[in-house]
Amino acid sequence: EKLVGMGIMYLNSLLYSVGCAFFGTLVPCITAYMCARFNYKFSKAIYITVIVVMIVPIVGSLPAEIRMAQALHLYDHIWGLWLMKANFLGMYFLVFHGIFKSLPMAYFEAAKIDGAGNFRILFRIALPLVRSLFFTVMLINFITFWNDYQTPLIFMPSFPTVALGMFHMATTAENT
């Protein structure tokens, strides 16, 4: 019986970690690409918003976040956490933005001349150029989410993860 429980915990951990890492890397990557390559006022506003959010401490927002997740039916679903972790507010946005700003415009102009649209340029030129950075950030995010026990405990009570199981094992009196 414990083996089945551990198997489910590993599956939940894998689904949670891989999904959150992927979407938590893809969204800042694409957002940074759009802000770096398309020079609009809104691009600058997003960049400034990322900086401000990183500077200003957000304390005491967990109860509101839980209520919002429940209202949007994201609570107690693995895919709900994938959506909640898919944001561009953080350091990785700045890393991707710097990389996309430093890429030569010749690649993108040549693709445009050959008739490629914006989506084709993104998926055929830009993302392959930053593939190693993308997978590095995704690996770092995966490790972070794999070791996280608090977020699954709060937002996915029906889906225990290995980190949560290890936490319970370390803190219960019967295992000491």
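In this predicted model, helix α6 goes past helix α7 in a right-handed crossing. The two helices cover residues 105-113 and 118-129, and their axes come within 10 Å, crossing at roughly 145°. On the α6 side, the residues that do the touching are Tyr107, Phe108, Ala111 and Lys112, and they meet Asn118, Ile121, Ile125, Ala126 and Leu129 of α7. Sorted by type, that makes 7 nonpolar residues, 1 polar and 1 charged.

A second pairing brings together α5 (residues 91-102) and α8 (residues 131-147), with axes that come within 11 Å and cross at roughly 175°. Angles over 145 degrees count as roughly antiparallel, so that is the label for α5 and α8. Here Tyr92, Val95, Phe96 and Ile99 from α5 meet Leu133, Phe134, Val137, Ile140 and Asn141 from α8. This contact has 8 nonpolar residues, 1 polar and no charged ones.

Then there is the largest nonpolar core, which holds 36 residues. Cys29, Tyr33, Leu81, Phe93, Phe96 and Phe100 are the ones touching the most other members. At least two core residues come from each of α1 (2-37), α2 (41-55), α4 (78-85), α5, α6, α7, α8 and α9 (150-155). The largest share, 8 residues, belongs to α1. In soluble globular proteins, nonpolar side chains tend to be buried together.

Phe100 gives a close-up of this region. Leaving aside residues up to four places away in sequence, Phe100 touches Cys29, Ala32, Tyr33, Ala36, Arg37, Ala126 and Val130.

Notes. Residues are numbered from 1 along each chain as its sequence is written. This is a predicted model: local features need pLDDT of at least 70, side-chain atom pairs count only at pLDDT 80 or more; totals for chains, interfaces and linings use all residues. Side-chain values use heavy atoms; hydrogens and water are left out. Axes are lines fitted to C-alpha atoms, for helices over the stretch in contact, and angles run from 0 to 180 degrees between N-to-C directions. Helices (H or I, at least four residues) and strands (E, at least two) are DSSP runs, numbered from the N terminus. A crossing is left-handed if the near helix is turned anticlockwise from the far one by less than a right angle, and right-handed if clockwise. Contact means heavy atoms within 4.5 Å. Ala, Val, Leu, Ile, Met, Phe, Trp, Tyr, Cys and Pro count as nonpolar, Asp, Glu, Lys and Arg as charged, and the others, Gly among them, as polar. Angles under 35 degrees count as roughly parallel, over 145 as roughly antiparallel, 65 to 115 as roughly perpendicular and the rest as oblique. A nonpolar core is a set of buried Ala, Val, Leu, Ile, Met, Phe, Trp, Tyr and Cys residues joined through side-chain atoms within 4.5 Å. Buried means under 20% relative accessible area, exposed over 50%, partly exposed in between (1.4 Å probe, protein chains only).
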